[in-house]
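I'd like to walk you through a few strands and helices, so let's get the picture up on the screen.

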Amino acid sequence: MHRQIGILTSGGDCPGLNAALRGVGKAGQGCFDMHLVGFRDGFRGMVQDRSIDVDTRLLSGILTDGGTILGTSRDKPHRMPIGGKVRNMIDAVVETYERHHLDALVCIGGGGTQKNALRLKEAGLHVITLPKTIDNDVACTDVSFGFDTALGIATEAVDRLHSTAMSHSRVIVVEVMGHRAGWIALGAGLAGGADVILVPEIPYNIEKVADAILARSRAGKNFSIVAVAEGALSAEQAKTIERLLTGKESAATKEERRAASMELQGFHRKHVNHTLELTRELEKITGLESRLTILGHLQRGGTPSAADRILATRMGTGCAELLNQGVHGVMVAAQGSGTRAVPLEEVAGKKNLVPPDHPWVISARQVGTCFGDEYTPTAGTGK
Ligand code: F6P
């Protein structure tokens, strides 16, 4: 039976988006008699009805390309800046869906997209999502595509920083992305042999970090590499965040909630510079020359790794199969070497954070990596 399928990419871009579009499109058209309509720049393209025919020609030659041929944006359908005002545009999305006689809409995105897709499901649309993000923080899936590529780039950076840090006897702090999750810092730190790894899930004490660096110096190692997640928090900052979050949750009135939100946003805005402050502090405490490298959007650009191409293709074709079976209201999650459909209600609003007792954390500790916390090795931990 012929089906008309809408598709869009939303949120920050990442390597593998085009591979996923190609997976959905080629399987949908080649195996299941689907026609695909692509919407430009995420949900904004649906609101403004800016679409493109996703035919086989468009899908050809994009498997290895970074970014997304459809464009993307962080716009949310229920809070979209339009003409200087923030408006709820869900009705406009529904109208576009109906105008194109869509049978379903595929939304490829991260955690925010899962929430937005659920809102559209509640508005009556047939939605299906694919999890993408370099941060690997989407819940209910083994992994999200984009992460493996970013991990490779961050690991290469940690590798390369070793020789320059060693030559100049310096401490090099390398800030990686990850939003509020520490997967990239943890993975790249473990793979690249960083001496210190700081992640949001394990609040740090700067004195402990400095102690680890000085212990290396005393042992004749004249340099140290500190891999820091952009969202890493000192124990003090973690307490502030907790206080602000509790304040937001317990706010009784709309005004109180808004004030608490503003305070929280203010914290995150200021926190953006925390790795520079951390680097300066470490230099002061240890007396060792220190430098900061911020990898930033380098981690999101360029060609996807082989693992991400495979994962995105697998998720894309899995999505086409589910669409063919008439399944919707779900996210296509990676499970082992296959996929599974997870109801959007189970995914939306949840985050995949690093469990402090994750095997990667334990291994890193066992090879002597400092997380800047109170940890002391005990018998049986391999130390
Ligand atoms: O979610 C992906 C991500 O790259 C995060 O790691 C980072 O915090 C954020 O997006 C950066 O966003 P922007 O592209 O808006 O600068």
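So, S9 and strand S10, residues 224-229, are joined by three bridges and run parallel. If you want a spot to look at, find Ile197: its bridge partner in S10 is Ala227. Keep in mind that this is a predicted model.

Now zoom out a bit. S9 and S10 belong to an open sheet of four strands, in the order S9-S10-S8-S11, with parallel pairing. Which strands sit at the edges? Those are S9, 196-198, and S11, 290-294, and each of them pairs on one side only. Going from one strand to the next, the twist averages 15 degrees.

What lies across this sheet? Helix H6, residues 147-168, lies across S8 (171-176), S10 and S11, and runs at about 165 degrees to S8. Then there's helix H11, residues 274-286, which lies across S8, S9, S10 and S11. H11 runs at about 165 degrees to S11.

Okay, over to strand S6, residues 104-109. Is S6 mostly covered or mostly open? Covered: six of its six residues are buried.

With strand S1, residues 3-9, S6 pairs in the parallel sense over five bridges, and Ile5 has Ala104 as its bridge partner. With strand S7, residues 127-131, S6 also runs parallel, joined by five bridges. There, Cys107 stands opposite Thr129 of S7.

Last stop, a helix pair. Helix H7, residues 183-192, packs against helix H14, residues 359-366, at an angle of about 40 degrees, with the axes 10 Å apart. That angle makes H7 oblique to H14, and the crossing is left-handed. Who meets whom? From H7 we have Trp183, Leu186, Gly187 and Leu190, and they meet Trp360, Val361, Ser363 and Ala364 of H14. How do the residues of this H7 and H14 contact divide up by type? Six are nonpolar, two are polar and none is charged.

Methods. Residues numbered from 1 in each chain as written. Predicted model: local features only at pLDDT ≥ 70, side-chain atom pairs only at ≥ 80, totals over all residues. Heavy atoms only, no water. Axes fitted to C-alpha atoms, helices over the stretch in contact; angles between N-to-C directions. Helix = DSSP H or I, 4+ residues; strand = E, 2+ residues; numbered from the N terminus. Parallel < 35°, antiparallel > 145°, perpendicular 65-115°, else oblique. Left-handed = near helix turned anticlockwise from the far one by under 90°. Contact = heavy atoms within 4.5 Å. Nonpolar A, V, L, I, M, F, W, Y, C, P; charged D, E, K, R; others polar. Buried < 20%, exposed > 50% of the residue type's maximum accessible area, 1.4 Å probe, protein only. Pairing = 2+ DSSP bridges.
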